[in-house]
There are 2 protein chains.
Amino acid sequence: MFFEGSEKKLEVIMTPESPSLRRFGRSFWDAMAGFAGARILSSIANENCDAYLLSESSLFVWDSRFLVLTCGNTRLVDAALQFIESVGTEAIAFLSYQRKNEYFSHLQSSSFEQDIGLLRRQLAGGAYRVGHLDAHHHYLFTSQGPFQAREDDCTSELLMYRIRGQVAQYLNAPGQTREGVRSVLALDELFAGYVIDDFLFEPLGYSINGIKGKSYFTLHITPQESSSYVSFETNIDLARYPHRVFARLLKILEPASWDVIGFNSAVNNSVVNGGDFPGHLCVGSCSIALDQGYNVAFSHYQQLCHEVLIPELL
Amino acid sequence: MFFEGSEKKLEVIMTPESPSLRRFGRSFWDAMAGFAGARILSSIANENCDAYLLSESSLFVWDSRFLVLTCGNTRLVDAALQFIESVGTEAIAFLSYQRKNEYFSHLQSSSFEQDIGLLRRQLAGGAYRVGHLDAHHHYLFTSQGPFQAREDDCTSELLMYRIRGQVAQYLNAPGQTREGVRSVLALDELFAGYVIDDFLFEPLGYSINGIKGKSYFTLHITPQESSSYVSFETNIDLARYPHRVFARLLKILEPASWDVIGFNSAVNNSVVNGGDFPGHLCVGSCSIALDQGYNVAFSHYQQLCHEVLIPELL
């Protein structure tokens, strides 16, 4: 049974005049998750943020922005279209829509090209693919407009493909507990002081949201062998954080390959972090300066080792 | 304009009692090409083999076997089904059907899994995928049965992705000639004495078939930048050939990555050839011993260098 762990991601920033998104209430966000084909499982909140765990990934709502990640065969573009229709384009300062490297792109219900065809009927915007189609690649759509991001408006994403080793075995075996998963991943240590909400899926899979002030982190595990995937994302400025979060996760999860995506994030800088990464070949990397003040960086890393491939019977 | 250079491949070996396939005549093979969605452009022949250049790749017909490669969005499985129906399963000693790593698998009219679903209605057989879905991979279906391949029944395939350098520029520019392509690829030197048939496509693309005795080689070029692809295949025993064909082609075409597939071929052996290859990481490799006496080897190589990725506007 294959499950596409790779996420689509939608982030929307509202104009200053717009009402608080948090006041839209639970039923609004229930409906939004539903348009994408997901549902809200549980939630946590603090003074700044409502964080929802979804049946397929996560939703974070602040007063003036929200972020939603959905994996599997969800149709996040439909939720984006519904949101745009319900608030009107003039209320949206900035919208970005991403699709990450998928294992089985031909099983998805739409392609990125089809998705942006729909989005562009409502919002003008630029779209890119970085990375080659026969290697890891990443799709990004960003809306046009006068919005300017603050320099400290940063996001760092670490996408890990085909995890290996003892922790991977634990994550792929019965009898896991949420405490056990947090412990093997050192999450309580790396994110001390965060309010967390986590969930173990049947038969396999784990999701966690954590919030502290305006900061969030979210991690999702699809541990199934041969197409395992773990994604981590945060708005913490990791270059100034006391823990080397990416290096720690890579050491623990031993992915065969991984991608790093940063928005105004120095985490992709090899001086800052590459030296801590496991032995690797950085197959390709790219940096795009968006008009709206985001510097978007993408890098695809491959562990420097040969793998004896196991034929998969079909 | 994207064109999927990556090929599907069908090889059929007839039982000794079956009539000569060459006597089926041109109209039969015209129809076969048509079932796949291709057409015959030209042909050459010698005492052993009729070799056809197709609008999408190549067809080689010997008395007791044939081999057809089709690229683009052809439906080679339909030709396979028609062939099986026209000769009957009892006339077929061995059938293999391959699909190579595709750039845009979601644009293909069927998946390998769908193809083998159709094939298995007519012929029992085993099927494998080797290689991970987020890296280069290769699909193979082989029929069951008492057939045993001779040890010298060997095939060597070299699949080159994203060619670079001066020759890549020449192949991607106007004003090419067939002689020019043969010259930059050193084909007349590497395959001296072969009867050849080559073709330049509009706006871009090149195919060549060569035959000598029972030996063949075929090479196909889809030079379009960012998804360029060159495939080479032969039944020459390259380990005993005076030229190091794979190493030469790799040096000339400088692909960012390449795959080697061998059937009873030592060409994948690093002692024989790896030392001649450009600096690389062999990301993964695999060897499968088929009941019918074929040792099938697959290796995925990545050049050992970092690439500054250019965002592709969508």
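Strand β18 of chain A, residues 312-313, is joined to β7(B) by two bridges, and the two run antiparallel. Strands here are DSSP runs labelled E of at least two residues, helices are H or I runs of at least four residues, and both are numbered from the N terminus. Two strands count as paired if DSSP finds at least two bridges between them. Within β7(B), Tyr128(B) is the residue opposite Leu313(A).

A word on conventions. This is a predicted model, in which local features need pLDDT of at least 70 and side-chain atom pairs count only at pLDDT 80 or more, while totals for chains, interfaces and linings use all residues. Residues are numbered from 1 along each chain as its sequence is written, chains are lettered from A and ligands numbered from 1 in the order in which they are written, and side-chain values use heavy atoms, with hydrogens and water left out.

Back to that cross-chain pairing. What is the order of the strands in the open sheet that holds β18(A) and β7(B)? The order of its nine strands is β18(A)-β7(B)-β8(B)-β6(B)-β1(B)-β5(B)-β4(B)-β3(B)-β2(B), with antiparallel pairing. At the edges are β18 of chain A and β2 of chain B, each pairing on one side only.

Ile44(B) has Ala51(B) in β3(B) as its bridge partner. The loop between β2 (40-45) and β3 (50-54) of chain B holds Asn46(B). Is Asn46(B) buried or exposed? Asn46(B) counts as buried because its relative accessibility is 16%, and buried means under 20% relative accessible area, exposed over 50%, and partly exposed in between, with a 1.4 Å probe and protein chains only.

The side chain of Asn46(B) has a polar atom 2.8 Å from the backbone nitrogen of Asn48(B). For the backbone nitrogen of Cys49(B), the distance to a polar atom of the Asn46(B) side chain is 2.9 Å. Leaving aside neighbours within four places in sequence, Asn46(B) is in contact (heavy atoms within 4.5 Å) with Arg22(B), Ile211(B), Lys212(B) and Gly213(B).

Next, the interface as a whole. Contacts link 46 residues of chain B with 46 residues of chain A. About 4000 Å² is buried between the chains, 59% of it on carbon and sulfur atoms; buried area is the accessible area (1.4 Å probe) that two parts lose on being put together, summed over both. Asp134(B), Leu309(B) and Leu314(B) supply 20% of the area that chain B buries against chain A, more than any other three residues.

How many salt bridges are there between chain B and chain A? The count is four, a salt bridge being a side-chain nitrogen of Lys or Arg within 4 Å of a carboxyl oxygen of Asp or Glu. One of them pairs Arg162(B) with Asp134(A), whose closest N and O atoms are 2.9 Å apart.

The chain B side that touches chain A draws two or more residues from each of several elements, among them α3 (112-119), β7 (125-130) and β16 (295-303) of chain B. β15(B) gives the largest share, seven residues.

On the chain A side, His106(A) sits in the loop between β6 (92-99) and α3 (112-119). Its relative accessible area is 26%, so His106(A) is partly exposed. Not counting residues up to four places away in sequence, His106(A) touches Ser105(B), His106(B) and Ser111(B).

The last stop is another open sheet. Its nine strands follow the order β10(A)-β11(A)-β12(A)-β13(A)-β9(A)-β14(A)-β16(A)-β15(A)-β17(B), and the pairing is mixed. The edge strands are β10 (195-200) of chain A and β17 of chain B, each pairing on one side only.

Inside this sheet, β9 (155-161) and β14 (257-263) of chain A pair in the antiparallel sense over seven bridges, with Leu158(A) opposite Val260(A). β14(A) also pairs antiparallel with β16 (295-303) of chain A over seven bridges, where Ser299(A) is the bridge partner of Val260(A). Seven of the seven residues of β14(A) are buried. In a regular strand the side chains alternate between the two faces of the sheet. In β14(A), Ser257(A), Asp259(A), Ile261(A) and Phe263(A) are buried on one side, and Trp258(A), Val260(A) and Gly262(A) on the other.

How values were computed. A polar contact is a pair of N or O atoms within 3.5 Å; within protein, one must be able to donate a hydrogen and the other to accept it, and residues adjacent in sequence count only if both atoms are side-chain atoms.
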